[in-house]
Every structure is written in C-alpha cells, then in structure tokens.
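I opened the model and kept notes as I went. The entries below follow the order of my look-ups.

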Amino acid sequence: MTQDELKKQVAQAALQYIDGETIIGVGTGSTVNFFIDMLADYKGKIKAAASSSDATTERLKGVGIPVIELNSVDEIGVYVDGADEVDTNKKLIKGGGGALTREKIIAAASKKFVCIVDSTKSVDVLGAFPLPVEVIPMSRNYVANELEKLGGRPVWRKDYYTDNGCEILDVHGLKIVDPVKLETIINGITGVVTNGLFAARDADVVLVGNGDKVDTIK
Ligand code: 5RP
C-alpha cells in the first residue's frame with residue numbers, strides 16, 4: 001500500500017469512534033483530510049465540528065459539516081487528529097502542519113482523543129521529527145537561544161505564520177526520553193505559545209494503519 005492508502009485506511013477506522021456523536025473535534029493534515037472527506041456520509045448525524053485550523057474549516061464546510069466555535073460548547077465527545085510521531089505510550093509530536101496550538105486546545109477540551117497515523121509515524125523515542133514550537137514573533141530569537149540551552153537546534157520556519165499570526169521554530173536534534181517534562185519546560189519559556197509535544201494530554205487511542213490491518217493502541 002502507498003502511504004496515502006495507509007492514511008485512508010486509518011481514517012476509515014476512525015469512523016467507528018464517531019458513531020452516536022453529534023459534536024466532534026477535527027484536526028489538521030493530510031491524514032485527517034481523508035477522514036473529513038468521509039464525513040460527507042455523516043451529514044445530519046454530526047450536527048457540527050470544532051475545527052483546528054482554517055484549512056480544516058474550509059474542508060469541513062466543503063463536505064457539508066457545519067463548524068462551531070469551541071467557545072459555544074462545554075465539551076467535545078471525540079477529537080480525531082493525526083500526528084508526526086507517536087511512541088508506544090501514546091505520546092505524540094504534532095505541528096508539522098503548523099496547527100499545534102488549536103489542536104492542543106481542542107484535544108484538551110475533548111473527552112476522547114483518537115489519533116490516526118500510518119505506520120511510518122511509529123517510533124520508540126520521540127524526536128527524530130523536529131519538534132515544532134509556536135512563538136510570539138518578537139520572542140523568536142530569545143526562545144531559540146533558550147531552546148539551544150536545552151540541547152536542541154531550532155530552525156525558524158521562515159515566511160510561515162500560523163492561523164494565530166505567530167511563528168514556528170522547528171527544533172532538531174532532540175532525543176525526548178521524558179516528553180511530559182520537556183513539554184512543561186518548553187511551555188514555560190516566555191514567548192512560547194505552545195509546543196508540539198502532546199504528552200501531558202496524550203492520545204486516548206492511537207490507530208496505526210499497517211496495510212494488512214489497523215492496530216489499536218489503548
Ligand atoms: C498539523 C499536525 C498533523 O496532524 C501532523 O503534521 C500530521 O500530518 P499528516 O497527516 O499530513 O502527516 O499536527 O499541525
């Protein structure tokens with residue numbers, strides 16, 4: 001199977017988790033895009049979705065799923081999103097697509113977070129994928145220096161702005177043995193909006209598309 005076929009396979013597997021849900025949360029990225037396209041069959045059953053990016057909002061509207069403000073609901077039943085890396089403890093690196101902050105907010109507000117990945121995203125130790133850190137633009141240089149003190153090699157994602165009008169530093173060279181600790185430390189640097197470690201609030205279920213089958217990590 002191609003990587004796109006694996007993404008489609010795992011997106012299909014996520015549909016079982018939205019049965020009976022009326023309000024869902026939807027992440028961002030090419031894997032989730034397959035899931036969104038499949039939501040066309042759920043028009044009327046899914047009343048609305050909370051969206052993690054402008055791109056996802058457009059795509060949801062395109063298949064006829066209304067988008068709601070997260071502020072208008074107290075809780076989301078299920079949040080479906082992809083990831084850039086997943087370890088065996090369901091800790092994630094996200095933000096390759098730049099939507100990490102809104103994704104983290106919806107994950108926090110959701111009862112269940114279902115993460116969908118193809119098998120190329122599974123790792124033993126997080127960090128081979130550069131860790132995205134969203135920063136307030138004027139703090140970029142200061143934050144980069146602080147990230148270097150933590151042993152990382154931050155690279156500015158030049159000419160890129162998030163939906164929140166912020167910038168991203170992609171941190172290379174980290175071997176992340178304690179993701180919860182590193183997530184907390186980086187989020188404590190002044191100027192950081194959030195970082196792409198989803199460890200304190202990790203996934204509840206990870207679905208991994210392998211081709212032969214979809215593995216479920218709970
Ligand atoms: C976007 C994300 C995506 O979930 C992550 O980058 C995976 O994307 P894709 O499904 O395209 O591989 O965190 O901010």
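I looked up Asp159 to begin with, and it lies in the loop between β9 (153-156) and β10 (167-172). This is a predicted model, so I read every value here as computed. Asp159 has a positive phi of about 60°, although it is not a glycine. Is Asp159 buried or exposed? Its relative accessible area is 73%, so I noted Asp159 as exposed; the cut-off for that word is over 50%.

I then went to Lys90, where phi is also positive, near 70°, in a residue other than glycine. Lys90 lies in the loop between β5 (85-86) and β6 (92-93). I found a relative accessibility of 15% for Lys90, so this residue counts as buried. The limit for buried is under 20%.

I found Pro137 in the loop between β8 (131-135) and α5 (140-149). Pro137 is partly exposed, with 31% relative accessible area. What does Pro137 touch, not counting residues up to four places away in sequence? I listed Gly165, Cys166 and Glu167.

Lys43 lies in the loop between α2 and β2 (48-51). Leaving aside neighbours within four places in sequence, I found Lys43 in contact with Val63, Gly64 and Ile65. I also looked at Lys43 against Lys104: they are 61 residues apart in sequence and 26 Å apart in space, C-alpha to C-alpha.

Next, the aromatic rings.

How many aromatic pairs does the structure hold? I noted 2. For a pair of rings, I need the distance of the centres and the angle of the planes. The rings of Tyr79 and Phe113 have centres 5.1 Å apart and planes at 45°, so I logged the pair as tilted. Tyr79 lies in strand β4 (residues 76-81) and Phe113 in strand β7 (residues 110-118), so this pair ties together parts 34 residues apart in sequence. I checked burial as well. Tyr79 is at 0% relative accessibility and counts as buried. Phe113 is buried too, with a relative accessible area of 0%. Ring pairs link Tyr79, Phe113 and Phe198 into a cluster.

I looked for charges over rings. Lys94 lies over the face of Phe198, 5.5 Å from the ring centre. The charged end of Lys45 sits over the ring of Tyr42, at 5.0 Å from its centre.

I followed Lys94 to Asp81. Their side chains are joined by a polar contact of 2.8 Å. Asp81 is found in strand β4. Is Asp81 buried or exposed? At 0% relative accessibility, I counted Asp81 as buried. I set aside the neighbours of Asp81 within four places in sequence and listed contacts, among them Gly27, Thr28, Val32, Glu103 and Phe113.

I moved to the ligand.

Which of the 18 residues around the ligand come nearest? I wrote down Ser30, Thr31, Asp84, Gly95 and Lys121. I also logged polar distances. A side-chain N or O atom of Lys94 is 2.8 Å from an oxygen atom of the ligand. For Glu103, a polar side-chain atom lies 3.1 Å from a ligand oxygen atom. At Gly97 a polar backbone atom is 3.4 Å from an oxygen atom of the ligand.

Last, the nonpolar core.

The largest nonpolar core has 27 residues. Which residues have the most contacts inside this core? I noted Ile18, Phe35, Ile116 and Leu207. At least two core residues each come from α1 (3-14), β1 (23-26), α2 (30-38), β4, β7 and β13 (205-209). The most come from α2, which gives 5 residues.

I listed the contacts of Leu207, leaving aside neighbours within four places in sequence. They include Val10, Ala13, Ala14 and Tyr17. Val114, Cys115, Ile116 and Val117 are also among them. Val214, Asp215 and Thr216 are on the list for Leu207 as well.

Key
Residues are numbered from 1 along each chain as its sequence is written. This is a predicted model: local features need pLDDT of at least 70, side-chain atom pairs count only at pLDDT 80 or more; totals for chains, interfaces and linings use all residues. Side-chain values use heavy atoms; hydrogens and water are left out. Rings of Phe, Tyr and Trp (its six-membered ring) pair if their centres lie within 6.5 Å; planes under 30 degrees apart count as stacked, over 60 as edge-to-face and the rest as tilted. Helices (H or I, at least four residues) and strands (E, at least two) are DSSP runs, numbered from the N terminus. Buried means under 20% relative accessible area, exposed over 50%, partly exposed in between (1.4 Å probe, protein chains only). A charge sits over a ring if NZ of Lys or CZ of Arg is within 6 Å of the ring centre and within 35 degrees of the ring normal. A nonpolar core is a set of buried Ala, Val, Leu, Ile, Met, Phe, Trp, Tyr and Cys residues joined through side-chain atoms within 4.5 Å. Contact means heavy atoms within 4.5 Å. A polar contact is a pair of N or O atoms within 3.5 Å; within protein, one must be able to donate a hydrogen and the other to accept it, and residues adjacent in sequence count only if both atoms are side-chain atoms. A residue is near a molecule or strand if one of its heavy atoms lies within 4 Å of it.
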